[in-house]
Amino acid sequence: MRIRCTRGLAIHTFHGNFFVRSTDLLSLPNVNPDTGYGMQIAIEENLTEYNSVCFQAAVLYTSSNGERRIRVHTLSLPVVSILQDVLGGADQETIIGLVAKMAVDRSISSSLTDARDALINVCVDVLGVYKLTMSGQVAGALMTPYSTRLLPLFILALLKHVAFRTGVSTKLDERVFAMDRMKTLPLPYLMKYIYPTLYPVHALDDKNAIHQDDDAVIPQPPILQLSSEKVDRHGAYILDTFDVLYLYIGRAINDHFCSSVLNVPNFSAIPEDMSSLPELPTPESERMRNFVSWLQDQRSYHSPLKIIREDGRDRHIFLQYMLDDRTESLFSYYEFLQHIRQQISK
């Protein structure tokens, strides 16, 4: 894979699994949809004479049929002189994908503490610079551009992730594996790996549903914050962590849901080791299975389904993903925002 950019720019660091053959040429072990790469760009010359800059990635590969092919992607971005335009055009997910890879390198070359500090500084620097561009500031308010409004949340999720967390017993193998995923996962998968998606599924209906060509109806439940206050003991929730789909069942779930979806009379009869949804001739069962199948279709390989009871031995697995909540060693989301505001005000 060769990557080129407009004169005046230079690519100085690559992230992913590859062998660097020259300053802009990478040898890849294979080319597949489960791999992502990151790179850092340096501005070496004044770009005022340009209206836009271009980046181009060309991949020379052999297809599964033995054919030699070249695939080329070209990206053109405008050059602006106003800082607010730069911040307004920022892609917060791309920023998180790159800083996650940089944090892994910092953990290896320096220390985990330095990597965590660097992640916090990214958030402080972005919001601090934006504050300087604002004329009418509200006293005590944390100002953020709309394009990076979730940057603090994703940074907090990284700090609580297995790859970078402290204060929690973490096996070295699990941390190294998580760091490897940070370096190599494609961005859409990486974002779900960093900040999973929580859906309420105890009352699925056809409102706002997706109607597919095969007449299947895919319910679209709302996405909830990863906070325990959003999880009710009367409900059921699917947590999509990319690697695993967790179906969490509250202890006060109604018997109708248990019988029509899980084929058991009540909550107490749900087996601890249940790992699949029975195929039942009920609308509730069909909606649930269609929704789970739709989630599975959004990734390149099957993610196992694990059913967790509120009083089960694996309840802690589900609760550890409630990233908006306070832990023994780290802030809640609200407290983290206050911490960032204090750092900016110094």
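1. N263 is exposed, with a relative accessible area of 52%; exposed means over 50%, buried under 20%, partly exposed in between (1.4 Å probe, protein chains only). N263 sits in the loop between α7 (255-262) and α8 (283-297). Its phi is positive, near 60 degrees, and N263 is not a glycine.

2. This is a predicted model: local features need pLDDT of at least 70, side-chain atom pairs count only at pLDDT 80 or more, and totals for chains, interfaces and linings use all residues. Residues are numbered from 1 along each chain as its sequence is written, and side-chain values use heavy atoms, with hydrogens and water left out.

3. F242 also has a positive phi, about 80 degrees, without being a glycine. F242 is buried, at 2% relative accessibility. The loop between β11 (236-240) and β12 (245-249) holds F242. Helices (H or I, at least four residues) and strands (E, at least two) are DSSP runs, numbered from the N terminus.

4. The largest nonpolar core has 55 residues. Such a core is a set of buried Ala, Val, Leu, Ile, Met, Phe, Trp, Tyr and Cys residues joined through side-chain atoms within 4.5 Å. I96, I155, L158, F164 and M182 have the most contacts inside the largest core. Helix α3 (residues 112-133) gives the most to this core, 9 residues. Domain 2 (89-194) and domain 3 (197-320) both contribute, so the core lies between them. The domain bounds come from an automatic or database domain assignment.

5. Beyond its neighbours within four places in sequence, I96 is in contact (heavy atoms within 4.5 Å) with L151, F154, I155, L158, M191 and I194. A second, separate core has 27 residues, including L204, I270, V292 and I307.
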